[in-house]
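Me: Please take me through this structure in questions and answers, keeping to the fold, the helix packing and the ligand site.

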Amino acid sequence: MLTLHDYLPSQNGWKVRVLLGLLKIPYQTRLVSIFEGESHSDAFLALNPAGAVPVLQLEDGSAIAESNAILTYLAEGTPCCRRTATGAPR
Ligand SMILES: N[C@@H](CCC(=O)N[C@@H](CS)C(=O)NCC(=O)O)C(=O)O
């Protein structure tokens, strides 16, 4: 199952949550205490060297950081993403 490393007040996390919901993709949430420094722990920096949420961890353990990169990863090939970055229809 996908794991979303998230902080609930985060708007960057929110937009990922919205798309996961729209696409009905099952996922689990792992809350990260960003104001307690958890996003700068060694374990978290191994997921995202930038030390920021959201991070989407895939089932193989690999991780995608940057909310817009996560949105693109999730949306590609779905009705939420019918055109390429250059505007051409898929
Ligand atoms: N460009 C990044 C920004 C991510 C970001 O700034 N996340 C904030 C929460 S909204 C964060 O984790 N801050 C913790 C920190 O920088 O230590 C994205 O779009 O994902």
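Me: Which residue in S3 stands opposite leucine 4?
Reply: This is a predicted model. Strand S1 covers residues 2-6 and strand S3 residues 55-57, and three bridges join the two strands in an antiparallel run. Across that pairing, the residue of S3 opposite leucine 4 is leucine 56.

Me: What is the bridge partner of histidine 5 in S2?
Reply: S1 and S2 are joined over five bridges and pair in the parallel sense. Histidine 5 also has a bridge partner in S3, valine 55. In S2, the partner of histidine 5 is arginine 30.

Me: In what order do the four strands form the sheet?
Reply: S1 pairs with S2 in the parallel sense, while S1 and S3 run antiparallel, and the pairing of the sheet is mixed. The sheet is open, and its edge strands are S2 (27-31) and S4 (63-65), each pairing on one side only. From one strand to the next the twist averages 20 degrees. The order is S2-S1-S3-S4.

Me: What pattern does the protein follow along the sequence?
Reply: The protein has three helices and four strands. Among these elements, S1, helix H1 (residues 11-22) and S2 make a β-α-β unit that is right-handed. Read along the sequence, the pattern is β-α-β-α-β-β-α.

Me: Are H1 and H3 roughly parallel or roughly antiparallel?
Reply: Two packed helices are described by the distance between their axes and the angle between them. The axes of H1 and helix H3 (residues 67-75) come within 9 Å and cross at roughly 5 degrees. Angles under 35 degrees count as roughly parallel, so H1 and H3 are roughly parallel.

Me: How do the residues of the contact of H1 with H3 divide into nonpolar, polar and charged?
Reply: H1 contributes Asn12, Lys15, Val16, Leu19 and Leu20 to the contact, and H3 contributes Ser67, Ile70, Leu71, Leu74 and Ala75. These residues divide into seven nonpolar, two polar and one charged.

Me: Which peptide bond is cis, with omega near 0 degrees?
Reply: Most peptide bonds are trans. Proline 54 lies in the loop between helix H2 (42-47) and S3. The cis bond is the one that runs from valine 53 to proline 54.

Me: Where is lysine 24 found?
Reply: Most residues other than glycine have a negative phi. Lysine 24 is not a glycine, yet its phi is positive, at about 55 degrees. Its place in the chain is the loop between H1 and S2.

Me: How do the residues of the shell around the ligand divide into nonpolar, polar and charged?
Reply: The ligand is surrounded by Tyr7, Ser10, Asn12, Ile34, Ser39, Gly51, Ala52, Val53, Pro54, Glu66, Ser67 and Asn68. Val53 and Pro54 are the two residues of the cis peptide bond, while Asn12 and Ser67 also take part in the contact between H1 and H3. The shell divides into five nonpolar, six polar and one charged.

Note on methods
Residues are numbered from 1 along each chain as its sequence is written. This is a predicted model: local features need pLDDT of at least 70, side-chain atom pairs count only at pLDDT 80 or more; totals for chains, interfaces and linings use all residues. A residue is near a molecule or strand if its C-beta atom, placed from the backbone, lies within 6 Å of it. Ala, Val, Leu, Ile, Met, Phe, Trp, Tyr, Cys and Pro count as nonpolar, Asp, Glu, Lys and Arg as charged, and the others, Gly among them, as polar. Two strands pair if DSSP finds at least two bridges between them. Axes are lines fitted to C-alpha atoms, for helices over the stretch in contact, and angles run from 0 to 180 degrees between N-to-C directions. A crossover is right-handed if, with the strands pointing away from the viewer, the path from the first strand over the helix to the second runs clockwise. Angles under 35 degrees count as roughly parallel, over 145 as roughly antiparallel, 65 to 115 as roughly perpendicular and the rest as oblique. Two residues are in contact if their C-beta atoms, placed from the backbone, lie within 7 Å.
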